[in-house]
Amino acid sequence: RFNGKMSLSDGSDDIFLTNIQDGKGYNPALSFYLEQYFAHKQMIIFNFKTSFYTGHTSSGYLEQDINNNILNDINTYIKDRNQAYGIKANYIKNWDKSRLTIGGSFTAKRNRSTYVDLDNSVFHQRQNMTYFFGEYFQRVKYVTLTAGIGADYSNYKFQETGKGNDSWNVSPHFTATYKPNSVSQFRLNFSTWQNTPNLSQTNETPQQIDAIQWSIGNPNLSTQFHYIIATKYSFTLPIISGSFGAEGYFIDNVIAPYMYWEGDRLINSYENGKGFRQFTLWFAPEVTVIPHWLYLQGSVTYCAENSRGGNYSIYNHNWSGNVQATVSHYGCMLSVMYKRAQRQLYGESIIWGEDCTSIDFGYNWEKWQFGAGCFMPFGKYDQGNICYNKYNKKEFHLKPDSRFFYIKVAYNLQWGKQKKGVNKMINANAQTDASSAASR
């Protein structure tokens with residue numbers, strides 16, 4: 001729930017705003033996993049998953065004048081009943097210094113959304129995603145090489161309108177690692193993949209946001225294609241260890257929000273932009289200041305990026321990172337942390353996570369664990385976004401002026417035969433979609 005005040009440029013009385021968002025649901029899931037070994041170092045791995053989502057999402061927007069007279073009262077309520085099914089299977093053949101993997105996966109999603117405020121209108125969407133791949137791994141002395149290629153096919157369609165899209169994509173990938181000793185390692189990686197637009201991005205059912213703005217999805221969105229090339233060097237020395245690297249990340253047909261006027265309505269929708277380009281440099285060290293007592297670790301990242309759409313081209317560059325100091329001895333541990341989040345470009349917006357600090361103290365004694373700490377003991381918390389759209393430039397900051405203290409006491413109680421964990425080698429995708437009620 002947000003309460004605010006809107007000042008008008010013509011000098012009229014202020015308008016008081018109330019914006020409420022709510023949503024909850026249930027998402028039960030079922031998974032079946034199998035590993036079957038055969039002679040001559042062969043195996044087949046199979047994973048089946050299914051999940052269901054039943055829930056709702058809602059939003060309310062209210063405008064009132066200084067006398068509490070209602071100027072605008074807008075409500076949206078959507079009920080979802082969605083399903084997802086995923087199957088993934090791999091065949092693996094091992095040799096002494098090499099490995100062959102062949103596999104495939106299939107994901108099906110069936111979404112049913114009921115718009116209560118539109119006379120209980122019902123909309124159905126079907127999504128299917130198929131993927132096949134082959135991969136070969138080879139070790140030659142200090143070098144390991146992995147190369148593979150895959151093929152993706154995806155489609156989605158709305159039953160009521162017949163609108164939708166489909167796409168094919170070839171996805172090669174390659175990884176090379178050079179490790180001459182236990183001190184250093186160099187890694188080079190190139191990979192590609194695709195993403196299908198989600199339910200909220202494609203559903204063209206109109207949702208009113210406020211007196212002017214409306215949200216309408218784009219059922220003609222195409223799949224977006226991702227390409228990444230990265231290098232990483234890792235090292236381990238007596239006092240300092242860590243890694244540094246560089247990464248180039250590119251998206252074609254990038255799915256991003258965009259706005260346009262339709263009569264007296266400002267429409268919030270999505271488009272396939274002209275592209276997204278990002279270049280990143282990073283360094284993450286860990287320093288032993290006093291052996292067995294004091295450690296420092298952290299990371300620093302420089303990022304430069306460009307996002308291009310139908311009528312915009314935005315550049316962004318920034319520094320981000322974190323640092324943590326830890327004192328540990330005699331079962332006690334005290335740590336102090338500071339983090340500045342990366343400012344990530346998305347369409348015409350820059351979005352960032354938490355800028356925060358914390359202090360944490362812990363003590364372990366036999367099966368007991370004791371702890372206490374404070375979130376935001378110093379500095380100012382910040383999380384938010386800035387939109388540079390020419391029709392609706394806005395800036396949002398979440399800055400709670402408060403500190404959170406906590407105390408933790410835990411006891412590890414075990415008896416009888418312990419369950420042995422399972423390390424799954426593959427994971428099928430059966431994540432359900434959910435609608436999103438449009439809001440300011």
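Please keep in mind that the model is predicted. Two places to start are the second largest pocket, with about 810 Å³ of space, and an open sheet of 4 strands.

**The second largest pocket**

- About 810 Å³ of space lies in this pocket, and 35 residues line the second largest pocket.
- Closest to the centre of the second largest pocket are Ser105, Tyr131, Asp152, Gln194 and Asn429.
- Sorted by class, the lining of the second largest pocket holds 18 polar, 13 nonpolar and 4 charged residues.

- Searching the whole structure turns up 1 cavity of 30 Å³ or more, and the volume of the largest cavity is about 50 Å³.
- The lining of the largest cavity is made by Asn19, Ser59, Gly60, Tyr61, Ile74, Gln208, Ile209, Ala438, Ser439 and Arg440.
- Strand 4 is the element that gives the most to the lining of the largest cavity, supplying 3 residues.
- By class, 5 polar, 4 nonpolar and 1 charged residues make up the lining of the largest cavity.

- Strand 1 (residues 2–6) pairs with strand 2 (residues 15–26) in the antiparallel sense, over 5 bridges.
- Met6 has Ile15 of strand 2 standing opposite.
- Strand 2 also runs antiparallel to strand 4 (residues 42–64), and 11 bridges join strand 2 and strand 4.
- In this part of the structure, Tyr26 faces a residue of strand 4, standing opposite Thr54.

- Strand 12 (residues 213–215) and strand 16 (residues 265–272) run parallel, joined by 3 bridges.
- Trp214 has Ile267 in strand 16 as its bridge partner.
- As a general point, side chains in a regular strand alternate between the two faces of the sheet.

**The largest nonpolar core**

- This core has 13 residues, and Tyr249, Ile251, Phe276, Leu345 and Trp352 have the most contacts inside the core.
- Strand 14 (240–252) and strand 22 (349–365) are the elements that give two or more residues to this core.
- What does Tyr249 contact, leaving aside neighbours within four places in sequence? The contacts of Tyr249 are Trp193, His226, Tyr227, Ile228, Phe276, Arg277 and Gln278.

**Two backbone details**

- Most residues other than glycine have a negative phi.
- Lys41 has a positive phi, near 60°, and is not a glycine.
- Lys41 is found in the loop between strand 3 (29–38) and strand 4, and Lys41 counts as partly exposed at 46% relative accessibility.
- Glu366 also has a positive phi, of about 50°, without being a glycine.
- Glu366 lies in the loop between strand 22 and strand 23 (368–375).
- Is Glu366 buried or exposed? With a relative accessible area of 70%, Glu366 is exposed.

Technical notes
Residues numbered from 1 in each chain as written. Predicted model: local features only at pLDDT ≥ 70, side-chain atom pairs only at ≥ 80, totals over all residues. Heavy atoms only, no water. 1 Å grid on protein atoms, 1.4 Å probe; cavity = no way out; pocket = protein on both sides within 12 Å on 5 of 7 lines; lining within 4 Å. Points joined across faces, edges and corners; volume = space filled by probe spheres on them. Nonpolar A, V, L, I, M, F, W, Y, C, P; charged D, E, K, R; others polar. Pairing = 2+ DSSP bridges. Core = buried A, V, L, I, M, F, W, Y, C linked by side-chain atoms within 4.5 Å. Buried < 20%, exposed > 50% of the residue type's maximum accessible area, 1.4 Å probe, protein only. Contact = heavy atoms within 4.5 Å.
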